[in-house]
Amino acid sequence: MRVTINIDGGSRGNPGPGASAYVIKDANGKILAQEGHFIAHCTNNQAEYTALKLALIKAAELGAKELDIISDSLLLVKQYLGEYKIKHPDLAARMAEIRALAAPFHISIRHVLRHLNKEPDALANKAMDLRQSVGFNPIKNLNPAPKTPDNIVNGVPVEPVKREPAPAAAKNKPTKNKKAVQPSLFDGF
């Protein structure tokens with residue numbers, strides 16, 4: 001089966017609360033799955049990489065063989081294609097995991113401008129707004145949360161998704177909301 005997958009990720013604060021999202025459609029444009037995964041603390045790039053990882057997991061679950069992946073992250077696309085080096089150790093480890101997940105598929109990946117990738121962007125923003133994951137036909141091996149009525153994204157009802165935090169996420173928990181105090185230019189004078 002051939003599917004089209006749009007992915008996106010974002011972080012409010014970079015680093016800060018973020019989300020990763022994917023929308024998987026069949027050849028006729030029917031949404032097979034879409035998910036916005038809330039991340040308590042991440043960078044934009046970590047969120048983009050996580051979106052690709054989650055999309056690959058779900059594509060395997062759906063039985064897809066050929067993936068047309070679309071992302072508005074030029075960095076992710078160029079690093080996946082090997083055109084840009086991955087200098088950050090965390091992103092290099094994430095890419096190694098992504099490549100292992102991608103091995104069984106025939107994949108084409110391309111970059112598009114942000115305005116051409118609105119569906120996963122809407123899901124990522126919904127997850128960040130709610131501070132919880134949302135989805136339609138989310139990854140099965142994760143415990144779903146109770147349904148929320150009248151929660152529609154991209155024309156499809158979605159529900160909150162309960163997820164156990166990843167080990168890496170536990171290390172990156174933000175500290176309590178403490179406001180940074182800007183010193184006065186004239187302090188001490």
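This is a predicted model: local features need pLDDT of at least 70, side-chain atom pairs count only at pLDDT 80 or more; totals for chains, interfaces and linings use all residues.
Biologist: In which sense does β4 pair with β1, parallel or antiparallel?

Modeller: Strand β1 spans residues 2–11, and six bridges join β1 and β4. One of these links arginine 2 to glutamate 66. The sense of the β1 and β4 pairing is parallel.

Biologist: And in β5, which residue is the bridge partner of serine 71?

Modeller: Strand β5 runs over residues 106–111, and β4 pairs with β5 in the parallel sense over six bridges. Within β5, the partner of serine 71 is histidine 111.

Biologist: Now to the inside. Which element gives the largest share of the largest nonpolar core?

Modeller: That core has 28 residues, and Ile5, Ile7, Tyr22, Leu56, Leu67 and Ile69 touch the most other members. Elements that each supply at least two residues include β1, β4, α1 and β5. The largest share, seven residues, comes from α1.

Biologist: How many residues make up the second, separate core?

Modeller: Among its members are Ala19, Ile31, Leu123 and Ala127. The size of this second core is ten residues.

Biologist: Last one: which residue lies over the face of tyrosine 80?

Modeller: A charge counts as over a ring only if it is within 6 Å of the ring centre and within 35 degrees of the ring normal. Here the distance from the ring centre is 5.1 Å. The residue over tyrosine 80 is arginine 99.

Conventions: Residues are numbered from 1 along each chain as its sequence is written. Side-chain values use heavy atoms; hydrogens and water are left out. Two strands pair if DSSP finds at least two bridges between them. Helices (H or I, at least four residues) and strands (E, at least two) are DSSP runs, numbered from the N terminus. A nonpolar core is a set of buried Ala, Val, Leu, Ile, Met, Phe, Trp, Tyr and Cys residues joined through side-chain atoms within 4.5 Å. Buried means under 20% relative accessible area, exposed over 50%, partly exposed in between (1.4 Å probe, protein chains only).
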